[in-house]
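Please read them with the structure open.

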Amino acid sequence: MSTIKADTIVASDGSSPVTLTKQSAEKAWANTNQTSTQSNRDSFNVASITDGGSGVTTLAFTNSMNNGNYSTTGQEGSTNTIGYVVQMPYNTTNTSSQYGIVGFNNDRTATADVVVVNSAVHGDLA
């Protein structure tokens, strides 16, 4: 058995980072706060965030997906006593350049800003 230890893996050109294209790893993820001015606490392959109103968020990719037929998963992760439901996408269509998140109050009677939304994208990069 061999062990490989490395601090950095670069592409064959010797300078750019390795690109995950046909692997099963997440291609994008975000830890998002929808309250007040929407923002990502941390993210990977997410270039920007757009506030579409109460509970509605669009996240744009830094590196596009191959098409809009990728898988998105999400969960509400706040510690509030108010329950939330997260749906991805909802009344939107994922595209190769962005995906949507919508937060609802617990009984799904209205959209609502969620304190913590964790989302991930699986699929093929362009």
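1. Start at F61. Leaving out residues up to four places away in sequence, F61 touches A28, N45, V46, A47, Y70, T95, S96, S97, Q98, Y99 and V121. Keep in mind that this is a predicted model. Several of these partners come back in the points below.

2. Which residues have the most contacts inside the largest nonpolar core? They are L59, F61, M65, Y70, Y99, I101 and V121, in a core of 17 residues. The elements that give two or more residues to this core are β1, β4 (56-61), β6 (84-87), β7 (98-105) and β8. As background, nonpolar side chains tend to be buried together in soluble globular proteins. F61 also has Y70, Y99 and V121 among its own contacts.

3. Now the overall make-up. The protein has 8 strands and 0 helices. From the N terminus on, its elements run β-β-β-β-β-β-β-β. Of the 126 residues, 29% are buried. Take the contacts between residues at least 6 apart in sequence: 54% of them join residues at least 24 apart.

4. Strand β1 (residues 28-33) pairs with strand β8 (residues 117-122) in the antiparallel sense, over 5 bridges. Here A28 stands opposite V121 in β8. β1 also pairs with strand β2 (residues 39-44), again antiparallel and over 5 bridges. In that pairing T32 stands opposite N40 in β2. The β1 and β2 hairpin has 5 residues between the strands, and S36 takes a positive phi near 50° there.

5. Is A28 buried or exposed? A28 counts as buried because its relative accessibility is 0%. Apart from residues up to four places away in sequence, A28 touches F44, N45, F61, S119, A120 and V121. One of these, A120, is 92 residues from A28 in sequence, yet the two C-alpha atoms are 5.8 Å apart in space. The contact with F61 leads back to point 1, where A28 is among the residues that F61 touches.

6. A second open sheet can be read in the same way. What is the order of its 4 strands? The order is β3-β4-β7-β6, and the pairing is antiparallel. The edge strands are β3 (46-51) and β6, each of which pairs on one side only. From one strand to the next, the twist averages 20°.

7. At one end of that sheet, β6 and β7 pair in the antiparallel sense over 4 bridges. Y84 stands opposite N105 in β7. Read this region alongside the confidence values in point 10.

8. Why does Q34 count as buried? Its relative accessibility is 0%, so Q34 counts as buried. What does the side chain of Q34 meet? It makes a polar contact with the side chain of T57, at 2.9 Å. A polar atom of the Q34 side chain also lies 3.0 Å from the backbone oxygen of G55. Leaving aside neighbours within four places in sequence, Q34 is in contact with G55, V56, T57, I101, G103, A112, D113, V114, V115 and V117. Of these contacts, I101 is also listed among the core residues with the most contacts.

9. Finally, confidence. The mean pLDDT of the protein is 85. 87% of its residues reach 70 or more. Where is confidence lowest, and where is it highest? The lowest is in β6, at a mean of 78, and the highest is in β2, at 97.

Note on methods. Residues are numbered from 1 along each chain as its sequence is written. This is a predicted model: local features need pLDDT of at least 70, side-chain atom pairs count only at pLDDT 80 or more; totals for chains, interfaces and linings use all residues. Side-chain values use heavy atoms; hydrogens and water are left out. Two strands pair if DSSP finds at least two bridges between them. A nonpolar core is a set of buried Ala, Val, Leu, Ile, Met, Phe, Trp, Tyr and Cys residues joined through side-chain atoms within 4.5 Å. Buried means under 20% relative accessible area, exposed over 50%, partly exposed in between (1.4 Å probe, protein chains only). Contact means heavy atoms within 4.5 Å. Axes are lines fitted to C-alpha atoms, for helices over the stretch in contact, and angles run from 0 to 180 degrees between N-to-C directions. pLDDT is the predictor's confidence in each residue, from 0 to 100. A polar contact is a pair of N or O atoms within 3.5 Å; within protein, one must be able to donate a hydrogen and the other to accept it, and residues adjacent in sequence count only if both atoms are side-chain atoms.
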